[in-house]
Amino acid sequence: MDRAYALSLNYYLNAIPKGKENAVHMDVLARRWGTNTRFVRQVVSDLKKEGNIIITNQDGYFRTDDVDEIRKYYAKERAKAIGIFENNKHIREFLLENDAL
């Protein structure tokens, strides 16, 4: 990760509000940051990889330390990931059968 970008992550983190009631849509962040939604998604992904808890819901992005909120989000994201793996199980099996994995 580029040093300047890594340093700017703190700016982006502080621009993501705390609390579900303050959630902000990615297009709003893109306008505020003078960029596009693809960049916003990348920044949020990088912030999460750095250990920041950022929740995404229908209202947008927000930060929280509410354990119940985090637990619900984790359960939702985990179920989504499991669903993706289950939906692609046949592809994995095909690749294994054809020595392609």
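Modeller: Quick definition before we start: a polar contact is a pair of N or O atoms within 3.5 Å; within protein, one has to be able to donate a hydrogen and the other to accept it, and residues adjacent in sequence count only if both atoms are side-chain atoms.

Biologist: Fine. And what are we looking at here?

Modeller: This is a predicted model, with residues numbered from 1 along each chain as its sequence is written, and local features need pLDDT of at least 70. Side-chain atom pairs count only at pLDDT 80 or more, while totals for chains, interfaces and linings use all residues, and side-chain values use heavy atoms, with hydrogens and water left out.

Biologist: OK, Thr64. Where is it?

Modeller: Thr64 sits in the loop between strand 2 (60-63) and helix 4 (67-87). Helices (H or I, at least four residues) and strands (E, at least two) are DSSP runs, numbered from the N terminus.

Biologist: Which backbone nitrogen lies 3.0 Å from a polar atom of the Thr64 side chain?

Modeller: That of Asp66.

Biologist: Is Thr64 buried or exposed?

Modeller: Thr64 counts as buried because its relative accessible area is 18%. The cut-offs are under 20% for buried, over 50% for exposed and partly exposed in between, with a 1.4 Å probe and protein chains only.

Biologist: What does Thr64 touch, not counting residues up to four places away in sequence?

Modeller: Ile53, Ile55, Glu69 and Ile70. Contact here means heavy atoms within 4.5 Å.

Biologist: Glu69, then. Which side chain does Glu69 meet in a salt bridge?

Modeller: Lys20, at 3.6 Å, N to O. Lys20 lies in the loop between helix 1 (3-15) and helix 2 (26-33) and Glu69 in helix 4, so this pair ties together parts 49 residues apart in sequence. Lys20 is partly exposed, at 42% relative accessibility. For a salt bridge, a side-chain nitrogen of Lys or Arg must be within 4 Å of a carboxyl oxygen of Asp or Glu.

Biologist: How many salt bridges does the structure hold?

Modeller: Four. Among them is Asp27 with Arg31, where the closest N and O atoms are 3.8 Å apart. Those two are four residues apart in helix 2, so about one helical turn separates them. Asp27 is partly exposed at 37%, whereas Arg31 is exposed at 59%.

Biologist: And which residue does Asp68 pair with?

Modeller: Arg71, with the closest N and O atoms 2.7 Å apart. Both are in helix 4, three residues apart, about one turn of the helix. Asp68 is partly exposed, with a relative accessible area of 46%.

Biologist: Switching to packing. At what angle do helix 1 and helix 3 pack?

Modeller: About 100 degrees, with their axes 10 Å apart; helix 3 covers residues 37-49. Axes are lines fitted to C-alpha atoms, for helices over the stretch in contact, and angles run from 0 to 180 degrees between N-to-C directions.

Biologist: What does that make them, roughly parallel or roughly perpendicular?

Modeller: Helix 1 and helix 3 are roughly perpendicular. The ranges are under 35 degrees for roughly parallel, over 145 for roughly antiparallel, 65 to 115 for roughly perpendicular, and oblique for the rest.

Biologist: Which residues meet there?

Modeller: Tyr5, Leu9, Tyr12 and Leu13 in helix 1 meet Phe39, Gln42, Val43, Asp46 and Leu47 in helix 3. By class, this contact of helix 1 with helix 3 has seven nonpolar, one polar and one charged residues. Ala, Val, Leu, Ile, Met, Phe, Trp, Tyr, Cys and Pro count as nonpolar, Asp, Glu, Lys and Arg as charged, and the others, Gly among them, as polar.

Biologist: How do helix 2 and helix 3 cross?

Modeller: Their axes come within 8 Å and cross at roughly 100 degrees. The contact is made by Met26, Asp27, Leu29, Ala30 and Trp33 of helix 2 and Thr37, Phe39, Val40, Arg41 and Val43 of helix 3. The classes for helix 2 with helix 3 are seven nonpolar, one polar and two charged residues.

Biologist: What does Phe39 touch, leaving out residues up to four places away in sequence?

Modeller: Tyr5, Tyr12 and Trp33. Phe39 is partly exposed, with a relative accessible area of 26%.

Biologist: Last one: what is phi of Asp99 near?

Modeller: Phi of Asp99 is near 50 degrees, a positive value in a residue other than glycine. Most residues other than glycine have a negative phi. Asp99 lies in the segment after helix 5 (89-97) and is exposed, at 74%.
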